[in-house]
Amino acid sequence: MTRDNGAILVCCGPGYNGGVGLVCARHLKLFGYRPTVFYPVKSNMASICDSLSRQCESLDLPFLSYFPSESHLIQDSYNLVVDALFGFRFKPPVKDTFASVIETLKKVEIPICSVDVPSGWGAESASPDGLQPELLISIAAPKRCAKLFQGKFHYLGGRFVPRTLEQKFDLKLPPYPGTDCVVELKTQKSTEDEKPDDTGE
Ligand SMILES: NC(=O)C1=CN([C@@H]2O[C@H](COP(=O)(O)OP(=O)(O)OC[C@H]3O[C@@H](n4cnc5c(N)ncnc54)[C@H](OP(=O)(O)O)[C@@H]3O)[C@@H](O)[C@H]2O)[C@H](O)CC1
């Protein structure tokens, strides 16, 4: 397999975070990218994910039957990894199949984009044992752990949160520009870059 622009590895976990990954892979293909899906464990509870997986198959998306054992095999073949392994229901430490997957992904030197929660983190806190993505896309509302996100870019998607929920959980969601379905949020890094330096210049 050779890498070319737009080759993206989409790693999907057993829950609905994985389901978001399958939707992401389908959209990437429809937008002209070249996603490959890794979806090793199909959850019984998530029959919607079976449909999402079939939709990917019907678009002829390639599925990996095993995960590359070495990080260089990933970065030689892809430009970006989408981490849709675990979301807010992940409870550390990582078990089974996914332990080695996360260990390998921690070593890759291409950007990682995490969906909702960087895999290996709990929803409430960051973890050095988890992934450290360059891009985080929070769904509906940033989870508490997003405050500790150290990457460059943070977006919020899932615009249509009912107002009743927003009020119930006091979410204080930012306004979305125009008809956009995503909004860029400040990161620790972007906030630091905005601060004037000591010389005041
Ligand atoms: N709820 C919403 O409003 C929406 C959520 N969305 C996305 O979905 C995820 C949350 O999905 P959920 O299925 O509830 O949870 P996860 O995807 O985080 O993962 C659950 C599966 O992971 C297994 N698990 C948990 N901990 C571990 C571990 N340490 N090692 C291995 N496997 C683990 C868990 O297994 P169980 O045996 O514990 O059941 C599940 O199989 C959310 O983050 C969003 O991305 C959508 O956006 C829609 C709206």
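**Contacts, burial and backbone in a predicted model**

Biologist: Which residues does T36 touch, not counting residues up to four places away in sequence?

Modeller: T36 touches I8, L9, V10, P62, L64 and Y78. Keep in mind that this is a predicted model.

Biologist: Where is the place of T36?

Modeller: T36 sits in strand β2.

Biologist: Is T36 buried or exposed?

Modeller: T36 is buried, and its relative accessible area is 7%.

Biologist: And the rest of β2, how many of its five residues are buried?

Modeller: Four of the five residues of strand β2, residues 34-38, are buried, so the strand is largely enclosed by the rest of the structure.

Biologist: How do β1 and β2 pair, in the parallel or antiparallel sense?

Modeller: Strand β1, residues 7-12, pairs with β2 in the parallel sense, over five bridges.

Biologist: What do side chains do along a regular strand?

Modeller: In a regular strand they alternate between the two faces of the sheet.

Biologist: Moving on to V41. Where is it?

Modeller: V41 is in the loop between β2 and α2, the latter being residues 47-58.

Biologist: How does V41 count at its relative accessibility?

Modeller: V41 counts as partly exposed, at 30% relative accessibility.

Biologist: What does V41 touch, leaving out residues up to four places away in sequence?

Modeller: The contacts of V41 are G13, P14, T97 and F98.

Biologist: What separates the C-alpha atoms of V41 and G120?

Modeller: Those C-alpha atoms are 17 Å apart, and V41 and G120 are 79 residues apart along the chain.

Biologist: Now the backbone. Which residues does a cis peptide bond join?

Modeller: A cis peptide bond joins P92 and P93, with omega of about 5 degrees. P93 lies in the loop between β3 (80-84) and α4 (97-107).

Biologist: What about D96, is its phi positive or negative?

Modeller: D96 has a positive phi of about 55 degrees, although it is not a glycine. D96 is also in the loop between β3 and α4.

Biologist: Is D96 buried or exposed?

Modeller: D96 counts as exposed, at 66% relative accessibility.

Biologist: And D116, what is its phi?

Modeller: D116 has a positive phi of about 70 degrees, and it is not a glycine either. The loop that holds D116 runs between β4 (112-115) and β5 (135-139). D116 counts as buried, with 6% relative accessibility.

Biologist: Zooming out, how many helices and strands are there?

Modeller: The protein has six helices and seven strands. From the N terminus on, the order is β-α-β-α-α-β-α-β-β-β-α-β-α.

Biologist: What about the radius of gyration?

Modeller: For 201 residues, a compact globule would have a radius of gyration near 17 Å, and the protein has 17 Å, which agrees. Along the principal axes, the C-alpha atoms fill a box of roughly 50 × 45 × 35 Å.

Biologist: What share of the residues is buried?

Modeller: Buried residues make up 43% of the 201.

Biologist: Last one, charges. How far apart are the mean positions of the positive and negative charges?

Modeller: The mean positions of the 22 positive and 24 negative charges are 8 Å apart.

Technical notes: Residues are numbered from 1 along each chain as its sequence is written. This is a predicted model: local features need pLDDT of at least 70, side-chain atom pairs count only at pLDDT 80 or more; totals for chains, interfaces and linings use all residues. Side-chain values use heavy atoms; hydrogens and water are left out. Helices (H or I, at least four residues) and strands (E, at least two) are DSSP runs, numbered from the N terminus. The radius of gyration is taken over C-alpha atoms; the globule rule is 2.2 Å times the number of residues to the power 0.38. Buried means under 20% relative accessible area, exposed over 50%, partly exposed in between (1.4 Å probe, protein chains only). Lys and Arg count as positive and Asp and Glu as negative; His and the chain ends are not counted. The place of a charge is taken as NZ of Lys, CZ of Arg, CG of Asp or CD of Glu. Two strands pair if DSSP finds at least two bridges between them. Contact means heavy atoms within 4.5 Å.
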